[in-house]
Amino acid sequence: MEKTEKKRNIWLELLRFAITGAVAALFDYLVCQLIILAFGGTNLHEAIITTLSTAGGFVIGVTINYFLSTFWVYQNVEDNAKSKTPKFIIYFVLLSIGGLIVSIIAMLLCDLVVKASFGYSISDTSLMELIKKDGINFLKQGIFWSYFISFCIKTLAGLVFNYLTRKFILYKAPKQEKPKNQ
């Protein structure tokens, strides 16, 4: 595959985006868990803990995402130098905040569903507390799976929002010249 063709290949771009998203999501998840570990079981309201953990994970995730998106994911862009300017970074962060809002709303909705269905909040305990308490049997705990599934839904909602805004607003591909009719 030719180098310019490789840069335009949407499937490679999607693969790089997915890998970037997985790496950022892993760090996001770890930060979320650390915040829940720090504040879970305190007098803070569940919505505050959920918001803090989601926002904390976001900060780490967006930083990783910016660098990987700019230097690896989007290789077929109209103006590569523009993506390294302060103005671009501000737009990246603002659109990422839009993704954060989508993610927080998704996580809060999941928490409402879990509360209504099972009677507990997904931020009631952290993964570390479950592992300390139950060892490998934490995998049998409903709260673990409730949080994990909620986290996946939140991540997917943010992922779709972020890909679409980055692909069509930030990292626009160069316009293709139409062949002239002969």
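Is the crossing of helices α2 and α3 left-handed or right-handed? The crossing is right-handed, and the close-ups below take up this pair of helices and several other spots. The model is predicted, so to speak of a local feature requires pLDDT of at least 70 and a side-chain atom pair counts only at pLDDT 80 or more, while totals for chains, interfaces and linings use all residues. Residues are numbered from 1 along each chain as its sequence is written, and side-chain values use heavy atoms, with hydrogens and water left out.

**View A. Helices α2 and α3 cross at roughly 155 degrees.** Helix α2 covers residues 10-39, helix α3 covers residues 46-73, and their axes come within 7 Å. Helices here are DSSP runs (H or I, at least four residues), numbered from the N terminus, and strands are E runs of at least two. Axes are lines fitted to C-alpha atoms, for helices over the stretch in contact, with angles from 0 to 180 degrees between N-to-C directions. The crossing angle makes α2 roughly antiparallel to α3 (under 35 degrees is roughly parallel, over 145 roughly antiparallel, 65 to 115 roughly perpendicular, and the rest oblique). Right-handed means that the near helix is turned clockwise from the far one by less than a right angle, and left-handed means anticlockwise. In the contact of α2 with α3 there are 18 nonpolar, 8 polar and 3 charged residues (Ala, Val, Leu, Ile, Met, Phe, Trp, Tyr, Cys and Pro are nonpolar; Asp, Glu, Lys and Arg are charged; the others, Gly among them, are polar).

**View B. Helix α3 packs against helix α4 (residues 86-118).** Their axes lie 9 Å apart at an angle of about 145 degrees, and this crossing is right-handed. Among the contact residues are Phe 58, Val 62 and Tyr 66 of α3, along with Phe 92, Leu 100 and Met 107 of α4 (contact means heavy atoms within 4.5 Å). By class, this contact has 13 nonpolar, 7 polar and 2 charged residues.

**View C. Helix α2 meets helix α6.** The two axes come within 10 Å and cross at roughly 135 degrees, which makes α2 oblique to α6. The crossing is right-handed. Residues that meet here include Phe 17, Tyr 29 and Gln 33 in α2, and Tyr 147, Phe 151 and Arg 166 in α6. The contact divides into 12 nonpolar, 4 polar and 5 charged residues.

**View D. Gln 33 sits in helix α2.** Gln 33 is buried, with a relative accessible area of 5% (buried is under 20%, exposed over 50%, partly exposed in between, with a 1.4 Å probe and protein chains only). Beyond residues up to four places away in sequence, Gln 33 touches Ser 126, Leu 127, Met 128 and Tyr 147.

**View E. Tyr 74 and Tyr 171 form a stacked aromatic pair.** Their centres are 4.4 Å apart, with 5 degrees between the planes (rings of Phe, Tyr and Trp, the last by its six-membered ring, pair if their centres lie within 6.5 Å; planes under 30 degrees apart are stacked, over 60 edge-to-face, the rest tilted). Tyr 74 lies in the loop between α3 and α4 and Tyr 171 in the segment after α6 (142-170), so the pair ties together parts 97 residues apart in sequence. Both tyrosines are buried. They belong to one aromatic cluster that also includes Phe 17, Tyr 66 and Phe 88.
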